[in-house]
Amino acid sequence: MARKATTESVQTAKGGDQRLAALFLDMLAAERGAGANTLDAYRRDLDDFTLFLGDTGRAIATAATDDVRAYLGELKRRGLKPATVARRLSAIRQLYRFLYAEGRRKDDPAAVLEGPKRARPLPKVLSLGDVDRLLKAAGQNDSGAPPALRLRAARLACLVELLYATGLRVSELVALPASAARRDARVIVVRGKANKERLVPLNNAAKQAMADYLALLQSAGAGRESASKWLFPSFGGSGHLTRQHFARELKSLAATAGLKPAQLSPHVLRHAFASHLLHNGADLRVVQTLLGHADISTTQIYTHVLAERLKSLVRDLHPLADIHN
């Protein structure tokens, strides 16, 4: 009888944990505009935390600070990286902060805990020469090739030119609507995280690559009224080009340009956009806006670029620099 009661209490606690986690995820979606990938990541992290609590006879509603601390110790014993542990603790902190604000907990057991120290790696950056080689390789389109191959080459060239010219996230780039390709457009409207819109200017090279791509797209019969609503429709079916497909094409292009494919990804080109702007004198706040970062601290991973630029300015412009050298 006692065993049956214990089983029922475990099931009740598990159901309660699922309801509390679901309320938190609903809040993230409704109030913060969290996307499907973000919600899935939070759900996985909280599911793992819930399983740990269940094994120790605790639940989200009753866990104390020591229980959360024990979970962090378990993650360390599993050999998880500090960044992963920090991310899981962040999810737990936000959950308990929400439950406390909603009056479902009288305390916040995660508030006093500190996560592992994380050394933020410097972003991989391409040199100007590397980018130039990549863009030149992307711009080579054999006029004698079959129309389908020419269209694929023009699409890739347009993607690469746009990515380096704007610094868009790859998810933003591949999901651009067809309306973004207005011929007279000097800027494009981008819908980023949490459905926030921002304006991103286009340079002449990006506008020309877009015009060349659209001309081939229309000649292929995709310019009719039944055409896709996406700027980069998938050739294999409905919907737009996937992030994974573009990443594979970019690595192939890197090999053609004489670069190491393993060192190139859409995100690396986004980093190159930001780093090259800062190196040439752009303000950090401007770069933050162009990248769509909600917090300036996210953009500050590029401060190493600013530090190098300041050193070179002092070296080149200070009147006593030559004397001390």
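This is a predicted model: local features need pLDDT of at least 70, side-chain atom pairs count only at pLDDT 80 or more; totals for chains, interfaces and linings use all residues.

Colleague: How do you know that the span of helix α10 agrees with its number of residues?

Modeller: At 1.5 Å a residue, the 14 residues of α10 (residues 266-279) should span 20 Å, and because its end C-alpha atoms are 20 Å apart, the two values agree.

Colleague: What makes you call α10 largely enclosed by the rest of the structure?

Modeller: A residue is buried when its relative accessible area is under 20%, and 11 of the 14 residues of α10 are buried, so the helix is largely enclosed. Among the buried residues are Val268, Leu269, Arg270, His271 and Phe273.

Colleague: Why is α6 called roughly perpendicular to α9?

Modeller: Helix α6 (residues 147-166) and helix α9 (residues 243-256) pack at an angle of about 95°, with their axes 11 Å apart. Angles of 65 to 115 degrees count as roughly perpendicular, and therefore α6 is given that description relative to α9. The contact includes Leu156, Leu159 and Leu163 of α6 and Phe246, Leu250 and Leu253 of α9, and by class it has seven nonpolar, one polar and three charged residues.

Colleague: Which residues touch the most other members of the largest nonpolar core?

Modeller: In that core of 47 residues they are Val160, Leu162 and Phe232, while the largest share, 11 residues, comes from α6. Phenylalanine 232 touches, among others, Leu159, Leu162, Leu173 and Tyr213. A second, separate core of 29 residues includes Phe24, Tyr42, Ala91 and Ile92.

How values were computed:
Residues are numbered from 1 along each chain as its sequence is written. Side-chain values use heavy atoms; hydrogens and water are left out. Axes are lines fitted to C-alpha atoms, for helices over the stretch in contact, and angles run from 0 to 180 degrees between N-to-C directions. Helices (H or I, at least four residues) and strands (E, at least two) are DSSP runs, numbered from the N terminus. Angles under 35 degrees count as roughly parallel, over 145 as roughly antiparallel, 65 to 115 as roughly perpendicular and the rest as oblique. Contact means heavy atoms within 4.5 Å. Ala, Val, Leu, Ile, Met, Phe, Trp, Tyr, Cys and Pro count as nonpolar, Asp, Glu, Lys and Arg as charged, and the others, Gly among them, as polar. The expected span of a helix is 1.5 Å times one less than its number of residues. Buried means under 20% relative accessible area, exposed over 50%, partly exposed in between (1.4 Å probe, protein chains only). A nonpolar core is a set of buried Ala, Val, Leu, Ile, Met, Phe, Trp, Tyr and Cys residues joined through side-chain atoms within 4.5 Å. Lists of a residue's contacts leave out its neighbours within four places in sequence.
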